[in-house]
Each structure stands twice: as C-alpha cells, then as structure tokens.
Amino acid sequence: MPDRLADIAAEVTACTRCPLAETRTNSVPGNGDPTSPYLFVGEAPGFNEDAQGLPFVGNAGNVLNRLIEGIGLQREEVFVTNIVKCRPPDNRDPEPAEIEACSGHLRRQIELMDPEAIITLGRFSMNHFIPGERISRIHGSSHEVDGRIIIAMYHPAASLHQPGLADTLAEDFRQIPEVVAAARARAEPAPSPDPESTTATDTNSDPDSPRQLSLF
Ligand code: URA
C-alpha cells in the first residue's frame, strides 16, 4: 500500500490538471501514517506548506498539532492532506474547478488508506463531502457519506482569528475517538446469549420500542 500511495504522491508532484501548477513552488500530497484510522483533510496549502511540500506546517499546523495531541495522539500517528494539493495564489479560497481537478487524487488516497474516519478541517473540505451544509451548524458532528464516517471541524486557523473558537475546536476534537469507538462497537458481532442464564434482564424486550442504533 505505501508504494501505491507513493505513486499518488508522485502524480500529485507532477500534476498539471489545473492552473495552480503554474504558480506553486511544491505540490503537497500529504503526510503521516497511512494506516491510521484518522484522515484529516484541510483546504489547501499556504505559504509554508508550498515552500516545504508538507501539509499544515505553519501557524495553522501548530494549532492542528495541539488539537491532535489533545486527544492523546501525535501528529505522526494520523494522516493529513488537503482537498487541493497546490497553493492558491495569495492564499485565496480554492475555486470549484480547482477542487474538482484535484478530487481524483483525494479519492484515490481515501480508497487506498480506507480510514475509519475522515475529519474535515474547514468549510471547503466539509462541503466537498457534505455539500450545502454550514460549518457553523454541523461542526463537531459525524455523518455517514457513501459508507464513510465524516466528522466536520472548524478549520484550525479559525481559532487564530477568533480565539473564542479554540475551546469549541478542542471540544469538537474530543468527539473523534468517541465516534470511531462507537462505530467499532456497532461493527462488532453481538455476543451470543448465554442459554444457561435465567437472571439476565432484557431491557429492550419490546420489539416495537425504538433503539438508538447510531450516533450519526
Ligand atoms: N491550511 C490548510 O487548509 N492546509 C494546509 O496544509 C495549511 C493550512
């Protein structure tokens, strides 16, 4: 698998599918542990990322690292990439055509890594997976999209401009391991009932009573 991920990185490095190829210094395929359950997807490289060819290495990256450490992980233990792999000039918003041109790279990265959760960072990344939603409405929540768990987060840089969002981001990040743990629990086969037991109480014996099956 790492070899083929390296193939995608090589394609990203040589990519000329959109005009950002003409203005970039380096394209930024992504980095981290490709076997991680967690795939973080940001918006697009900025000045530092373009200079180094690595995602989230500037101020927003420092915030992201602290948020990841806040849930008991190191940055190297997750994979981090962006929906757009080259820097838009002057850090402008990525254009729909650029996102579309880059989407094949991200799709193949996701297929290869098969993460348990995709954590979107910011509204562009969120809207790539959940079109038409508002980040202010769904931040911190998880959604099942095409069989994958998507967890929407504010962009880490948002807390640099709005310090009040730092606590919100930290609280939302705490959902990440909980959502994945709940998905793993749902995926586990139910233990078979002990036929010898006569004392077990069935708390949900009414077949018509509703049961919470998912946290989505
Ligand atoms: N912001 C992003 O969305 N991605 C980066 O890689 C850096 C800053």
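This is a predicted model: local features need pLDDT of at least 70, side-chain atom pairs count only at pLDDT 80 or more; totals for chains, interfaces and linings use all residues.
Residues are numbered from 1 along each chain as its sequence is written, and side-chain values use heavy atoms, with hydrogens and water left out. Local features need pLDDT of at least 70 and side-chain atom pairs count only at pLDDT 80 or more, whereas totals for chains, interfaces and linings use all residues.

The ligand is surrounded by Gly42, Glu43, Ala44, Pro45, Glu49, Pro55, Phe56, Asn82 and His155. Here a residue is near a molecule if one of its heavy atoms lies within 4 Å of it. By class, this shell holds 4 nonpolar, 3 polar and 2 charged residues. Ala, Val, Leu, Ile, Met, Phe, Trp, Tyr, Cys and Pro count as nonpolar; Asp, Glu, Lys and Arg count as charged; the others, Gly among them, count as polar.

Polar contacts are pairs of N or O atoms within 3.5 Å. The side chain of Asn82 places an N or O atom 2.7 Å from a nitrogen atom of the ligand. A backbone N or O atom of Ala44 lies 3.0 Å from a ligand nitrogen atom. A polar backbone atom of Phe56 is 3.0 Å from an oxygen atom of the ligand. On its own, the ligand has 240 Å² of accessible area, and the protein covers 91% of it. Accessible areas come from the Shrake-Rupley method with a 1.4 Å probe.

The ligand sits in the largest pocket; that is, more than half of its atoms lie within 2 Å of the pocket's grid points. Pockets and cavities were defined on a 1 Å grid over the protein atoms alone. A pocket is an open set of points with protein on both sides within 12 Å along at least five of seven lines. A cavity is a set of points where a 1.4 Å probe fits but cannot get out. Lining residues have an atom within 4 Å of a point.

The largest pocket holds about 620 Å³ of space. Volumes are the space filled by probe spheres set on the grid points, which are joined across faces, edges and corners. Of its 27 lining residues, Glu43, Ala44, Ala60, His155 and Ala157 are the closest to the centre. At least two lining residues come from each of α3 (47-52), α4 (59-70), α6 (123-129) and α8 (158-161). Helices (H or I, at least four residues) and strands (E, at least two) are DSSP runs, numbered from the N terminus. The lining has 13 nonpolar, 9 polar and 5 charged residues.

The second largest pocket has a volume of about 280 Å³. It is lined by 13 residues, with Arg107, Ile110, Phe129, Asp146 and Arg148 closest to its centre. α5, α6 and β6 (148-153) each supply at least two of the lining residues. The largest share, 6 residues, comes from α5. By class, the lining has 6 nonpolar, 2 polar and 5 charged residues.

The model has 1 cavity of 30 Å³ or more. About 90 Å³ of space lies in the largest cavity. Its lining comprises 15 residues, and Cys15, Cys18, Arg24, Cys86 and Cys102 lie nearest the centre. α2 (20-23) and α5 (96-113) are the elements that give two or more residues to this lining. α5 gives the largest share, 4 residues.

Terms used:
A polar contact is a pair of N or O atoms within 3.5 Å; within protein, one must be able to donate a hydrogen and the other to accept it, and residues adjacent in sequence count only if both atoms are side-chain atoms.
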